[in-house]
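Ready to work through where two chains meet? Grab a pencil and take a look first.

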Protein chains: 2
Amino acid sequence: MSKTVPVGVSARHIHLTQEHIETLFGPGYQLTEFKPLSQPGQFAANETVAVIGTKGQFDKVRILGPARPATQLEISLTDSFALGVKAPVRESGNIEGTPGITIKGPAGEVTIEQGVIIAARHIHFHTSDAEKWGIKDKDLLKVRLGGERGVVFENVIARVSDSFALDMHIDTDEANAAGARTGDTAEIVD
Amino acid sequence: MSKTVPVGVSARHIHLTQEHIETLFGPGYQLTEFKPLSQPGQFAANETVAVIGTKGQFDKVRILGPARPATQLEISLTDSFALGVKAPVRESGNIEGTPGITIKGPAGEVTIEQGVIIAARHIHFHTSDAEKWGIKDKDLLKVRLGGERGVVFENVIARVSDSFALDMHIDTDEANAAGARTGDTAEIVD
């Protein structure tokens with residue numbers, strides 16, 4: 001049985017706490033939805049912020065909503081060199097000991113002490129997909145993206161939940177190395 | 001027998017004809033050596049140029065010497081988006097039908113009609129290495145770079161010559177996707 005998964009390419013983006021949203025956009029501010037994402041309830045917001053590193057900055061980083069318990073900036077390794085921030089490869093939410101950064105919005109700015117990561121590539125599985133394929137949460141998978149720049153990615157983390165929709169998330173470095181785009185199909189090979 | 005190869009990461013760079021060197025730097029100008037490269041006789045020059053696309057530009061692109069029969073700019077897919085130039089993945093030297101770009105030096109500028117490529121990943125083999133491992137010129141290999149972001153690259157082109165030194169060349173997107181650096185070791189797995 002072929003285990004195929006749609007690919008979603010994540011450009012740099014940021015998740016914010018409600019407190020930081022209000023610091024950056026003003027008291028009581030609520031994010032507004034630009035478009036829904038593949039995971040149920042998640043959305044790209046109309047709002048963007050600037051992030052400022054020691055070496056460079058990005059002026060328009062998309063906020064993904066809704067608000068989260070911790071602010072987290074997700075960048076590529078290429079971005080980390082441009083910003084001058086030594087971000088480690090981490091699973092989303094695992095930000096202990098990661099570097100911080102300054103974030104600027106129209107109403108103010110905030111410097112976080114930690115929260116800058118390079119998101120580890122992963123696949124969201126609905127529980128039913130995972131069961132069908134014998135995959136457990138936290139499994140490390142090998143996943144092939146074919147084509148001219150065909151690549152097999154190792155250490156792709158399986159994340160399994162009833163609230164997930166089947167989707168593989170890679171960053172722009174990984175997508176460009178593989179010549180892949182959102183909507184392409186990957187195959188779990190091991 | 002394990003077939004291991006040192007990895008060299010190629011940042012964006014340009015090869016120039018002697019005619020274009022003189023247009024950009026002045027009549028009779030000769031490139032000066034900054035440091036030697038892994039391939040015998042090749043060097044990174046002290047000189048840099050600006051390259052100007054429709055969407056963006058890079059101000060300091062390293063010239064690799066010596067002068068070549070055709071001018072060729074080698075960029076990553078990430079770079080191609082930043083410049084606004086639709087460069088294809090090609091082997092070095094195969095520039096027919098590729099896009100052009102404007103190049104600016106201290107003494108002048110030139111717009112080339114073609115020559116912008118994303119270099120196809122490849123391994124330089126000295127003839128003796130290739131024979132020992134049963135590899136022929138133009139073979140397409142699968143090559144593994146291990147570690148936290150472990151990757152197997154498919155379609156790695158074998159280039160075999162008595163004038164080559166053993167070295168695998170990948171671009172910055174590929175290196176960053178794999179978490180690899182110049183001096184790392186790759187293994188030919190197929």
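The model is predicted, so local features need pLDDT of at least 70 and side-chain atom pairs pLDDT 80 or more, while totals for chains, interfaces and linings use all residues. Residues are numbered from 1 along each chain as its sequence is written, chains are lettered from A, and side-chain values use heavy atoms, with hydrogens and water left out.

**Exercise 1.** Work out how much area is buried between chain A and chain B.

Solution. Start with contacts (heavy atoms within 4.5 Å): 23 residues of chain A touch 23 residues of chain B. Next, take buried area, the accessible area (1.4 Å probe) that two parts lose on being put together, summed over both. That comes to about 2,000 Å², with 42% from carbon and sulfur atoms. Finally, Arg149(A), Glu154(A) and Asn176(A) supply 30% of what chain A buries against chain B, more than any other three residues.

**Exercise 2.** Count the salt bridges between chain A and chain B.

Solution. Look for a side-chain nitrogen of Lys or Arg within 4 Å of a carboxyl oxygen of Asp or Glu. One pair to check is Arg149(B) with Glu174(A), whose closest N and O atoms are 3.2 Å apart.

**Exercise 3.** Find how S13(A) and S13(B) pair.

Solution. Strands here are DSSP runs (E, at least two residues), numbered from the N terminus, and two of them pair if DSSP finds at least two bridges between them. S13(A) and S13(B), residues 151-161 in chain B, run antiparallel over three bridges. To see one, go to Val151(A): its bridge partner is Phe153(B).

Methods:
Helix = DSSP H or I, 4+ residues; strand = E, 2+ residues; numbered from the N terminus.
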